[in-house]
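Colleague: I'm new to reading structures, and I'd like to learn how to look for features. Could you walk me through one?

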Amino acid sequence: MAAPGTASLLRAAAASSRRWLLAASRGAAGRPSGDCVAARTPGRFFGVSARARLSSEDKVTVHFINRDGDKLTAEGKVGDSLLDVVVDKNLDIDGFGACEGTLACSTCHLIFEDHIFEKLDAITDEEMDMLDLAYGLTETSRLGCQICLKKFMNNMTVRVPEAVADARQSIDMSKNS
Amino acid sequence: YHHLLMNEKTVIHERFLPKQGSLQEMPGPKTLSNLVEFFWKDGFGRIHEIQVQFSQNNYGKIFKSHFGPQFVVSIADRDMVAQVLRAEGRTPQRANMESWQEYRDLRGRATGLISAEGEQWLKMRSVLRQKILKPKDVAVFSEGVNEVITDLIKRIHTLRSQEEDGETVTNVNNLFFKYSMEGVATILYESRLGCLENNIPEKTVEYIEALELMFSMFKTTMYAGAIPKWLRPFIPKPWREFCRSWDGLFKFSQIHVDNKIKDIQSQLDQGEEVKGGLLTYLLLSKELTVEEIYANMTEMLLAGVDTTSFTLSWATYLLAKHPEVQQSVYEEIVNNLGKDQVPTSDDVPKLPMIRGLLKETLRLFPVLPGNGRVTQEDLVVGGYLIPKGVSSLCHYATSYEEENFPMANDFRPERWLRKDNMDRVDNFGSIPFGYGIRSCIGKRIAELEIHLALIQVEKAFPSIPTLCIHLQESFKRFGSD
Ligand code: HEM
Ligand code: FES
């Protein structure tokens with residue numbers, strides 16, 4: 001069982017180290033994020049002034065074609081991952097980004113336009129392994145949580161692949177008819 | 001299992017899919033013969049073997065069986081496995097964890113990632129995955145892991161010098177057990193235990209013994225979970241042992257967590273800045289309660305030691321058996337890395353054979369024989385309706401299928417090399433760390449520990465065969481000989 005004093009001791013510990021704590025939680029907790037931390041760090045640590053400095057140049061517009069064919073348009077900052085954009089803007093893409101960018105699920109699978117795909121940062125071994133398990137894989141597929149916005153991506157269109165459930169439904173329907 | 005089938009949803013499904021079979025029609029061994037297999041013939045010890053037998057010879061790609069008294073649908077087809085694992089909801093459930101939860105209730109303990117369910121599980125998973133699952137976060141552990149590897153290599157030299165022939169290490173698995181324990185403790189507890197020293201500190205000896213006992217009793221303790229509660233008064237021993245081993249495990253991690261708390265306190269008292277790794281972060285951020293930290297440290301230690309050590313043992317065993325593979329692994333290291341450089345996680349991408357070696361080892365000898373999931377909605381799999389709430393086991397027979405892996409019985413790490421970055425393989429056939437939001441949270445830690453250790457052992461001892469001549473002894477546990 002817990003040593004009786006432990007909890008209270010920790011409370012004290014945490015309180016008196018608030019400065020450290022703040023520093024620690026900035027990098028870690030908070031919202032899910034891909035691996036674009038380096039790019040976003042200045043914005044986070046400089047707070048208000050950095051925010052003010054953010055001009056329209058640092059914004060990137062992305063169009064998502066959802067499973068039903070609907071187009072969702074959202075803006076993100078340079079350095080944000082596509083998962084960040086979906087989460088921050090509350091885009092309604094069912095089941096997207098279930099593992100919060102930890103490369104465990106492949107639900108953030110997106111399909112890119114050829115000319116964008118060619119210019120994306122090199123893929124890591126870990127992303128390739130997870131991509132192997134993605135549903136509806138194409139030649140221009142990547143995992144959205146690993147793709148960080150850059151200026152050249154402005155106005156790009158990415159497609160959300162058909163969901164497993166959709167595929168199942170259509171099979172069911174065809175069996176019925 | 002009639003009652004399982006009689007719910008509203010099922011009826012709807014059946015109307016839509018008139019041709020599917022029910023669980024009753026699914027092939028599988030009779031309950032009694034299954035229990036005989038399980039208890040009298042030491043089913044646990046031979047679980048891998050039994051599974052392959054079942055799936056390859058007798059019952060096809062989907063069949064029902066009993067894991068002790070628990071009813072399980074086994075699935076041995078890559079696409080069906082993908083279907084079941086992809087159907088996961090917000091909080092997937094792996095298996096019935098009642099006995100684990102019962103112990104925790106009894107002792108007033110919290111559940112950790114393995115035993116927790118629902119929102120409680122998700123809350124802890126969300127915290128932990130942001131610290132130990134992203135490759136980048138785990139890369140920072142390279143340095144600590146390398147210190148442990150330095151000790152491992154030293155230890156191997158010492159052990160060899162003590163042998164008559166000056167070459168052979170007689171108990172490789174014991175060695176890797178200590179390495180894995182030291183490695184995972186470095187990461188989880190931010191402290192060294194001294195497992196690899198020539199004179200192991202007395203406290204650590206006690207811990208190692210306790211832990212080894214825990215693992216050796218684990219088979220018994222699994223029976224404890226499998227024995228129905230009403231039978232306990234008649235067969236009390238398994239449950240008693242189950243509790244005793246958990247007591248030991250919890251005690252072990254509590255000591256380390258409490259030590260860390262004291263360290264932090266004294267640093268604060270002296271006005272020092274508190275810096276640290278995973279445990280320090282968890283203690284200070286208070287995203288988890290102290291009891292939850294105890295529980296997760298305990299369960300991660302349990303999950304992180306023998307999994308890693310058995311995999312390392314199998315990998316070195318396979319290398320020893322295949323000198324030509326060993327030679328090519330060695331050459332890749334020397335050519336792509338140089339002889340003297342100490343590798344970190346940044347170097348692993350330059351060594352595709354090392355990655356292939358780990359994948360191939362786990363394909364042939366996955367430490368866990370399958371991925372359990374309790375269906376959270378009705379599923380039609382392979383023409384059968386699996387109602388909500390049934391345990392299914394996506395099992396490892398798929399990794400021995402010719403269709404998925406040509407020359408499946410052969411050890412060929414190079415099968416995992418990609419021709420280029422566009423080369424994709426549908427590899428649901430071998431998913432040794434599971435898949436999805438409930439997959440192994442220690443996956444990247446295990447990869448780091450195993451990749452770096454294999455590189456360095458390979459570099460230091462290019463003649464692995466003599467290193468592991470006596471490995472077979474250690475593998476009795478798998479019932480593979
Ligand atoms: C070669 C080494 C390892 C193998 C093969 C392995 C395999 C697995 C598998 C198959 C699962 C179940 C996944 C699923 O149901 O989809 C799992 C779960 C788990 N593993 Fe590992 N594991 C290894 C090492 C580790 C290490 C080093 C740790 C600790 C740091 C660890 C901690 C866990 C935990 C806590 C879970 C439960 C996760 C949850 O339910 O959220 N494992 N492991
Ligand atoms: S969010 Fe899970 S892999 Fe990208």
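Colleague: Which residues lie nearest the centre of the largest cavity?

Modeller: Let's begin with the idea: rolling a probe the size of a water molecule over the atoms shows where empty space is left. This is a predicted model, and in it D129(A), K359(B), P432(B), F433(B) and K443(B) lie nearest the centre of the largest cavity. In total, 24 residues line that cavity.

Colleague: How much space lies in the largest cavity, and how many cavities of 30 Å³ or more does the structure hold?

Modeller: The largest cavity has about 310 Å³ of space. The structure holds 3 cavities of 30 Å³ or more.

Colleague: Which elements each supply at least two residues of its lining?

Modeller: Look at both chains here. From chain A there is α7 (125-131), and from chain B there are α17 (352-364) and α18 (443-460). The largest share, 4 residues, comes from α17(B). By class, the lining divides into 13 nonpolar, 6 polar and 5 charged residues.

Colleague: And what is the volume of the second largest cavity?

Modeller: Its volume is about 150 Å³. There are 17 residues lining the second largest cavity, and N371(B), H395(B), Y396(B), I431(B) and P432(B) are the closest to its centre. The classes here are 10 nonpolar, 7 polar and no charged residues.

Colleague: Now for helices. At what angle do α7 and α13 of chain B pack?

Modeller: The general idea first: two packed helices are described by the angle between their axes and the distance between the axes. For helix α7 (residues 118-132) and helix α13 (residues 278-285) of chain B, the angle is about 145° and the axes are 11 Å apart. The crossing of α7(B) and α13(B) is right-handed.

Colleague: Which residues meet there?

Modeller: On the α7(B) side you will find V127(B), L128(B), K131(B) and I132(B), and they meet L278(B), Y281(B) and L282(B) in α13(B). Sorted by class, that contact has 6 nonpolar, no polar and 1 charged residues.

Notes. Residues are numbered from 1 along each chain as its sequence is written. Chains are lettered from A and ligands numbered from 1 in the order in which they are written. This is a predicted model: local features need pLDDT of at least 70, side-chain atom pairs count only at pLDDT 80 or more; totals for chains, interfaces and linings use all residues. Side-chain values use heavy atoms; hydrogens and water are left out. Axes are lines fitted to C-alpha atoms, for helices over the stretch in contact, and angles run from 0 to 180 degrees between N-to-C directions. A crossing is left-handed if the near helix is turned anticlockwise from the far one by less than a right angle, and right-handed if clockwise. Contact means heavy atoms within 4.5 Å. Ala, Val, Leu, Ile, Met, Phe, Trp, Tyr, Cys and Pro count as nonpolar, Asp, Glu, Lys and Arg as charged, and the others, Gly among them, as polar. On a 1 Å grid over the protein atoms alone, a cavity is a set of points where a 1.4 Å probe fits but cannot get out, and a pocket is an open set with protein on both sides within 12 Å along at least five of seven lines; lining residues have an atom within 4 Å of a point. Grid points are joined across faces, edges and corners, and a volume is the space filled by probe spheres set on the points.
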